[in-house]
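Hello,

Here is the structure we talked about handing over. My notes follow below it.

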Amino acid sequence: MCRLTQPARRKVYLGYSDAGVLLAALYRAGFEAVAHGPMAQDILRDAGDAAVERALAWMVDRSPEGLEPTVSRVEKTAAFNMSVLSQILGTPLQPVLDAHVLMLEEVGEAMYRIDRLLFHITSNAAIRRVSGIMLGRCSRITPNEPDFGMNEEEIARYWCLRSGIPWLGGADIGHDADNKIVPFGSPP
């Protein structure tokens with residue numbers, strides 16, 4: 001990160017899932033054009049052409065049509081895959097998210113793991129300074145044996161209540177072609 005030059009700061013960085021590590025590091029380093037959203041590989045998904053068009057329209061023209069609908073109504077936002085954010089908490093990559101609406105999504109995890117991830121995320125003292133948490137789509141949830149007894153929204157509400165973080169509802173993000181764009185920081 002310390003070797004990135006001014007030309008790197010003028011670029012736009014957009015992605016999700018494991019790209020969240022890079023987005024977190026860039027945002028922590030003060031890069032201004034960082035966002036959670038569709039990537040080129042999404043062209044391979046059903047309706048993926050719309051996802052890529054949405055991403056390009058935002059990257060080139062900052063078109064607001066592809067933004068997650070709540071972005072324009074709040075001061076600061078950030079979005080992450082839960083597993084990725086959980087892994088970078090407490091490391092030099094953890095971004096400062098004070099007063100941000102934090103949007104979270106997940107893919108391919110069982111409910112007990114989503115519970116563990118949200119416990120870890122909401123237990124972090126710095127994360128407790130967000131202005132609230134929104135939950136995006138949790139897809140391809142693997143079966144729990146026995147049944148966990150709560151769904152992903154109930155788990156998120158529970159950990160928000162326990163940690164004192166405001167629960168702000170659902171977000172239109174996830175590991176799919178409908179994934180909307182969430183710029184980090186203040187909306188452009």
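Tyr13 has Val34, in β2, as its bridge partner. Strand β2 covers residues 34-36 and pairs with β1 in the parallel sense, over 3 bridges. Strands here are DSSP E runs of at least two residues, numbered from the N terminus; two of them pair if DSSP finds at least two bridges between them. The sheet is open, has 3 strands in the order β1-β2-β7, and shows mixed pairing. Its edge strands, β1 (13-15) and β7 (182-183), each pair on one side only.

This is a predicted model: local features need pLDDT of at least 70, side-chain atom pairs count only at pLDDT 80 or more, and totals for chains, interfaces and linings use all residues. Residues are numbered from 1 along each chain as its sequence is written, and side-chain values use heavy atoms, with hydrogens and water left out.

Cys138 is in none; the nearest cysteine sulfur, in Cys160, is 12 Å away.

Regards

Conventions
A disulfide is a pair of cysteine sulfur atoms within 2.5 Å. Helices (H or I, at least four residues) and strands (E, at least two) are DSSP runs, numbered from the N terminus.
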